[in-house]
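Dear colleague,

I am passing the structure below on to you, with my notes on what was found in it after the display. Please read the notes with the coordinates open beside them.

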Amino acid sequence: MKFLRWSVPFLVSALLLAWVFQGMEWGELQDKLSFETVLIFGPALIAFLAVSLLIEAVCLVDVVSHTHPKPGLLVAARIKAASYPLGILNYALGIGAVTLLLRRRMGMSLQEAAGAVAVIGLFDLGSLIAIIAVGAALMGAETPGVQAGVLSALAATIGIGFATLRAPFSLGWLDRLRDLPILHAARTLPLPVLARLGSLRLIFTGNFIALGWAVLAGFGVDEIPLLSLAINICVLLIVAALPIAAAGLGTGQWVFVELFKPWADPATLLAASLTLSLGLIVTRAAIGLVFAREFTAEALAAQQEEKA
C-alpha cells in the first residue's frame, strides 16, 4: 500500500505529460526558448524566490511568537527553505516538514506546530479564493469555468469556521473541539496578526502571479488581461497543490495550456509551463539542499556538546 501511495502521483504525472505532449516534438519546444526568455524569466525567478522566502519567514515568526519565544527571521527562513525539497514532491509533505522543524527548533508540540502551519495554509487558500472571486465578479460572464456558487460556499465555510473557533461564548460540546492544540493558533492569534497574515499571503500570491506573467512574457505571450492572468494563475496554484501528481507535473501543464490557450498556441504554452515548473523545482531543490542540515541540527548540536 505504501508503494502504491508513493507511485500513483508519479504515474498520474507521467500519463498527463504523455497526453499533453501528444503531437509535439522536443525540437518544437526547444525552438520556443530564447535568450529573451532567460533575460525576463531569470531575474523574475530570483526576485520571486527572495520575496516569497521573506514572506514565509515573517509569517512563521508571527504565528510562532504568539505562544513561544520569538524565533529570529533567519531561523524561520532556514526552516522554510529546508522544507522545499519535500514541498516540491507534495504540498502536504512540505507542510509536514515545516511542522517537524518547528517542533524541534521551537519546542512546540506537534499539534501546536501543525496548527500554526495550518493557519498560514488556510490564508493561502483564502487569498486564492478571494482573487478568483473578485476577478470573476469584475469580469462577469467573460470568465468561463469559474463557478461563483462554489467560490462563495468555500469563502463562507472559511469565515464560519473562523467565527466558530473564535466565538467568545461557550458552544457546548464544540468547546472540546475548539480546545484542541492544533486549533489553538487559529483561535487565539490576535486580530492584527491575522490581518497581517492575510495581507502577506495576498502579496505572496501576487508575487506568484508576477512570476507567471514573466514566464509568459518571456515566451512572447504578453497580451493577457491582468484579471484573466490573476484568475488563471490562482486556479493553477490550487490544482498544482492537489496531491494527485508528483511536484504538480502533468496537472500543472495540462491546466496551464487549457487556461491560456485563447492567447497562444499549445507548444508555446507547454514550453512556458515546463520552464516555470522546472525553474521552481531546480532552484527550490538547490535551496533546500543548502539548508538540509536543519533536519539534523539537534543531533549535530548534541554531538558538539559531547565533544566539548
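Of the 308 residues of the chain, 43% count as buried, and this, like everything that follows, was computed from a predicted model. The fold contains 15 helices and zero strands. Among the contacts in the chain with a separation of 6 or more, 71% are accounted for by residues 24 or more positions apart.

As to confidence, the pLDDT of the chain averages 83, and 88% of the residues score at least 70. Residues 299–308, however, have a pLDDT below 50, and beyond near neighbours in sequence this stretch has one contact in the model.

Helix α13, which spans residues 251–260, and helix α14, which spans residues 266–290, have axes that come within 9 Å and cross at roughly 135 degrees. Because angles over 145 degrees count as roughly antiparallel and those from 65 to 115 as roughly perpendicular, α13 is classed as oblique to α14. The crossing in which α13 passes α14 is right-handed.

On the α13 side, the contact is made by Gly-252, Gln-253, Phe-256, Val-257 and Phe-260, while α14 contributes Pro-266, Leu-269, Leu-270, Ala-272, Ser-273, Leu-274, Leu-276 and Ser-277. Sorted by class, the contact of α13 with α14 comprises nine nonpolar and four polar residues, with no charged residues.

Technical notes: Residues numbered from 1 in each chain as written. Predicted model: local features only at pLDDT ≥ 70, side-chain atom pairs only at ≥ 80, totals over all residues. Heavy atoms only, no water. Axes fitted to C-alpha atoms, helices over the stretch in contact; angles between N-to-C directions. Helix = DSSP H or I, 4+ residues; strand = E, 2+ residues; numbered from the N terminus. Parallel < 35°, antiparallel > 145°, perpendicular 65-115°, else oblique. Left-handed = near helix turned anticlockwise from the far one by under 90°. Contact = heavy atoms within 4.5 Å. Nonpolar A, V, L, I, M, F, W, Y, C, P; charged D, E, K, R; others polar. pLDDT = per-residue confidence, 0-100. Buried < 20%, exposed > 50% of the residue type's maximum accessible area, 1.4 Å probe, protein only.
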